[in-house]
Amino acid sequence: MANLAKLEDIVSLCKRRGFIFQSSEIYGGLASCYDYGPLGVELKNNVKKAWWKSVVHMHDNVVGLDCSILMHPLVWKASGHADKFADLIAECKSCNTRTRVDHLQNHAEEHTEHVNIDVELAATHDLSNKVCPKCGKVGNFTEPMPFKLMFETQMGANVDDSMTLYLRPETAQGIFANFKNVIDTTRVKIPFGIAQIGKSFRNEVTTKAFTFRTREFEQAEMEFFCEPGTDENWYEFWKEQRFNWYTELGIKKDNLRFRDHDPDELAHYAKACVDVEYKFPFGSGDWQELEGVANRTDFDLRQHQRGMRTLNSWYEQKGDLTQIQLKDEAEDYNKGPLSYFDEQAKKRFIPYVIEPSAGIDRSTLAFLVDAYDEEEVKGETRNLLRFHPALAPTKVAVFPLVKKDGMPDIAHNICKELKKYFTCFYDQAGAIGRRYRRQDEAGTPFCITVDGQTKEDNTVTVRDRDSMEQKRVSTDQLLNYLRDKLEI
Ligand code: ATP
């Protein structure tokens with residue numbers, strides 16, 4: 001099924017109903033930064049909760065972590081980000097707009113991966129047939145140049161001990177840096193995973209399409225450590241797990257697909273990588289990356305061993321850490337400080353890593369787009385968000401039919417009781433039909449109405465968002481009824 005929602009519809013609904021606002025709007029806004037409003041923060045928290053449950057709590061061998069955003073500069077030297085995390089850009093000589101070279105269009109399809117840039121290779125791109133997205137001039141670009149994506153900041157007040165640090169561009173490195181801590185303090189045994197959700201920052205050259213690509217965003221990443229040789233099986237396992245997560249939470253199968261990376265697209269250390277793509281309603285109705293699942297081999301842990309060796313020599317020489325050269329790998333790297341000892345097999349090795357890396361903001365946007373629906377009801381258009389109950393910001397709304405005859409008191413009491421179990425919203429303002437429509441638009445699965453009959457037989461009506469069907473349910477059965485339907 002094609003996506004019904006157009007991006008403008010989603011943006012307008014998000015603003016109108018308090019899901020997502022432009023950051024610093026009262027000052028004219030800050031480009032590509034967004035704030036989540038009262039409904040948005042509930043939705044996004046539910047997306048994070050659902051990810052955490054599926055990746056951490058449902059697996060005996062996955063544990064969680066929450067690392068700091070600021071990390072030692074050598075982390076980014078070892079990971080390769082300090083030297084290579086850049087986009088190749090070219091400047092239009094007519095209007096001075098800088099664009100990512102891989103976003104420039106001619107007849108080729110749009111391609112949006114960040115790539116690790118080798119500066120020497122930058123000049124080999126032929127831009128003679130590319131169009132400037134701003135002014136439309138063809139082939140009028142400067143030589144491509146790398147543009148670093150990490151935000152820099154300064155730590156410390158004194159010149160002597162102040163350091164240049166980076167805001168992390170991914171959460172994964174905090175996991176690698178804590179690999180040893182987790183092994184030493186828990187009883188995890190390989191194969192096992194460490195998961196984290198948190199903010200990441202990238203000074204993106206081109207941002208587009210609402211919250212799809214922003215400069216501050218949240219990632220949900222898991223590094224799954226396994227014995228070399230078992231990595232291909234675990235790669236397939238996590239691929240499937242992650243795909244199913246989206247469909248189980250309501251994303252339509254037709255709007256989701258895998259796209260394997262071509263060999264020339266793969267990072268040099270990756271053995272395999274696949275994107276989970278969603279058919280977003282922007283551009284030309286493009287398939288865009290929601291999440292990547294990669295086989296990162298033993299690259300990161302080996303690199304951090306090199307980082308640790310480099311630090312030892314830096315203590316003797318001092319100097320600018322961002323400029324330091326990494327020491328070569330030790331010959332017996334398989335026995336290094338980040339190696340793993342398998343007690344049973346009595347062998348030591350550096351584990352391979354399978355990494356599912358998802359964007360929380362991107363998946364939240366996909367859940368919004370996919371849930372959006374419009375239908376004609378009695379000559380009027382009904383807008384609704386058909387959220388999966390686990391994601392719905394408000395699970396239940398409670399209304400008195402009218403503001404008299406004791407109905408508000410009964411409705412208040414029901415709402416107060418239900419709030420102990422899930423998000424519940426009380427509303428007595430306006431005609432009942434309008435109140436239903438407002439909840440449809442917020443994606444609330446059930447509305448409960450207290451009416452004249454309630455006082456007589458202790459029943460209320462429960463209206464289903466999707467079918468609009470109403471059922472009378474006895475108030476003492478209400479909690480069980482709702483928990484069953486909401487699967488909570
Ligand atoms: P893209 O190709 O879209 O720039 P990427 O391949 O560089 O993304 P990864 O480094 O694999 O992205 O990051 C993992 C996930 O983090 C992505 O699949 C996406 O969901 C999310 N993500 C990355 N960059 C951004 C961003 N600027 N804004 C929002 N989410 C992002």
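Colleague: What volume does the second largest pocket have?

Modeller: On a 1 Å grid over the protein atoms alone, a pocket is an open set of points where a 1.4 Å probe fits, with protein on both sides within 12 Å along at least five of seven lines. The second largest pocket has a volume of about 710 Å³, volume being the space filled by probe spheres set on the points. The model is predicted, and totals for linings use all residues, whereas local features need pLDDT of at least 70. Residues are numbered from 1 along each chain.

Colleague: Which residues of the lining lie nearest the centre of the second largest pocket?

Modeller: Lining residues have an atom within 4 Å of a point. Here there are 23, of which Ala50, Lys53, Leu249, His388 and Ala390 lie nearest the centre. The largest share, 6 residues, comes from α2; helices are DSSP runs (H or I, at least four residues).

Colleague: In what order do the strands of the open sheet run?

Modeller: Strands of a sheet pair through backbone hydrogen bonds, either parallel or antiparallel. Strands are DSSP runs (E, at least two residues), and two of them pair if DSSP finds at least two bridges. In this model, 3 strands follow the order β5-β4-β6 with antiparallel pairing. Because β5 (98-100) and β6 (145-148) each have a single partner strand, one side of each is left without a neighbour in the sheet.

Methods: Predicted model: local features only at pLDDT ≥ 70, side-chain atom pairs only at ≥ 80, totals over all residues. Heavy atoms only, no water.
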